[in-house]
Every structure is written in structure tokens, then in C-alpha cells.
Amino acid sequence: MEGGAILAELRARFGDAVVETHAHRGDHTAVVTREALGEVLGHCRDDARLAFDVLMDLTAVDVSKLPGREDGPRFEVVYHLYSLRHNHRLRLKVRVSEDDPVVPTAVPLWPIADWLEREVWDMFGVRFQGHPALRRLLLYEEFVGHPLRKDYPVNRRQPLIGPRT
Amino acid sequence: MGVGSFFTSKLDEAIGWARKYSIFQYPFVTACCGMEYMATACSHYDIDRFGAGLPRFSPRQADVLFVVGTISHKMAPVLKRVYDQMTEPKWVVAFGVCTCTGGFYDNYATVQGIDTIIPVDVYIPGCPPRPESVIDGLMKLQEKIAAGTQRF
């Protein structure tokens, strides 16, 4: 299925839940609401014509320092989907605010989301509701803060910890 | 100068001489500098000819801790533990800029020099250091071992 047709299909099916779509040089992006996210992801994986069986990447972006985006929702959680059967791709985004940085988990749909969501929690502090064990992945448990947030000071040093007992 | 003190200083030298030619290294290799370390250990540069090339991956059986590569805060407790488990006398070589100073990683993850955790005897700069620099550093360490007051 061609990317533009996928976006049209999502718009027809989910209506206002698709906030915005974007196409650039063969890359197609849809921004969806958080409320509809679980349903959209499930549809993308299970619909025979879409059949996105691979979650290639799941990450987040802190847009608080992006010109023109300072006042909007602070985080974008980004899903990169790929279909092995049809050889097509889709990027899905969902915007969440700093006050309520919670997104439904994608672990039941794609098990790889387990570690990816833990990484996003680790680095950005975005929580995933329903995740089986949302613990830090790259950093250690004692780390304070989320270093890929744009307001995390680049020079801040965490206190060194001794050997664990 | 009594006979005893004269004898002690000579014994110091003898032990220092023996120690500098019987170094067992613990290579704590974490990053790209490890390639350079391997190059130094291979036949072209042959670190073995200094009596200093035997790697032992057990802290109990090593004299010199070679910290080769970037040390992150997550790794720091492990490095500290390895150092603590080494028996005296022990020495530490910081290999490469990341180990010496954090290198170009000025960020939340990287230890800005391992001397914030453990004492360091010789710093080998470079990113990565050439084998010649490594051998130079090693010889400096050998001089230091031989010249120091030996505890035994």
C-alpha cells in the first residue's frame, strides 16, 4: 500500500483522532490523539492491508526548545512501523504534555516495545501505562532526573556511587 | 649510615628491579582504546619484551590495572570494586583521554577522569594513544616502580 493511501485510510477510519498528517519524500507521518493511540496501533498491526508486523523504533522527542513549539505539548512519542508483508512504512506520533506524560503501552502488540519503552522512560520520563516493569534501562536506579530532557543541565554530575553491596 | 639502612636501600632496589620486570596487568577494556591496547600487545609492538605483558583477568593476581577506554558512571562501581580487590602493591594506568579526563564526553554518563574514583600512577593521553605512547607510559611506570620505596 502506498504511504499516502495509508494516511487516507487512517483518516477515513479514525476521523478526528488523526490530528495531522505529513508526507515528505516518501516518508509518511500521522499524528494521533493519545486516546485513540492504542486502537490505531492495534489496527495498524492487525488489518490485513496494513499488516505492520514490525515495530522498528519507539522513541520520544522533547520539543520544548523547538522554535514555534515552546507552548505546545512538551513530548512527542514516535513509533516507526514497518510491514514485512507489504514492504511499507509509517511513522506515528502522539503528543503528551509535561504535566501528564503518560502513554498506553505497546508491549502486548510488539514485545520489543518492552525495552524501547523502558529507554524512553529512562531518558525522557514518559510513563507507559500497562508496561510490565517500567524500570530504568540504560542508567542506574539511583540516577536522578531524565537526561534527554532539554532542561537537564549538560554538565550536571550525579554523585558517584560505590560498589553495590 | 648504619649497615642496616644501607642493606635496606639495596634490598629496595633489588625488589624494585624484580617488580618492574614482572608486571601482571589487569586490562579493564571498555571502549575503542582496547583496539590500540591489542595492537600494542601483538607482535609488531610486543609489550611482552618489557616483562610487562601478561594479562591476568583476576584482580587477585594482577599488579597493574590498565583502565582502557571510557568509564561511565554505571561502570564506575565495577571499576572501583576491581581496584579494591587487587592486592598491594598495585598501580593504575589511565589509558586514553576518556579515562584520564572524560575526553570529549562532557555529559551525564561519563566519569570525568578515573582519578575521581581511584588513584592513578601514569596517564597516557591520546585518542587513542599510539602503541609508542603506551610503551612509553609503561616504561615510565616501570621507572616509577623501580625508583619508589618498596613495601613488602
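Mentor: Buried, for a residue of this predicted model, means under 20% relative accessible area.

Trainee: What makes residues of helix α3 of chain B buried?

Mentor: In α3, which covers residues 76-85 of chain B, the residues B:Ala76, B:Pro77, B:Leu79, B:Val82 and B:Tyr83 are buried, so each of them falls under the 20% cut-off.

Trainee: Which strands do the buried residues of α3(B) pack against?

Mentor: They pack against β1 (24-29), β3 (64-68) and β4 (91-95) of chain B, strands that belong to an open sheet of 5 with the order β2-β1-β3-β4-β5 and parallel pairing.

Trainee: Why are β2 (54-55) and β5 (122-124) of chain B said to stand at the edges?

Mentor: Each has a single partner strand, so one side of each is left without a neighbour in the sheet.

Trainee: What is buried between chain B and chain A, and which residues of chain B lose the most area?

Mentor: The two chains bury about 1300 Å² between them, with 60% of it on carbon and sulfur atoms, and on the side of chain B the greatest losses are those of B:His73, B:Lys74 and B:Tyr108, together 51% of what that side buries.

Trainee: How many salt bridges and how many residue pairs in polar contact are there between chain B and chain A?

Mentor: The salt bridge count is 0, while 2 residue pairs are in polar contact across the interface.

Definitions and conventions
Residues numbered from 1 in each chain as written. Chains lettered and ligands numbered in written order. Predicted model: local features only at pLDDT ≥ 70, side-chain atom pairs only at ≥ 80, totals over all residues. Heavy atoms only, no water. Buried area = accessible area lost by both parts, 1.4 Å probe. Salt bridge = Lys/Arg side-chain N within 4 Å of Asp/Glu carboxyl O. Polar contact = N/O pair within 3.5 Å; in protein donor to acceptor, adjacent residues only side chain to side chain. Buried < 20%, exposed > 50% of the residue type's maximum accessible area, 1.4 Å probe, protein only. Helix = DSSP H or I, 4+ residues; strand = E, 2+ residues; numbered from the N terminus. Contact = heavy atoms within 4.5 Å. Pairing = 2+ DSSP bridges.
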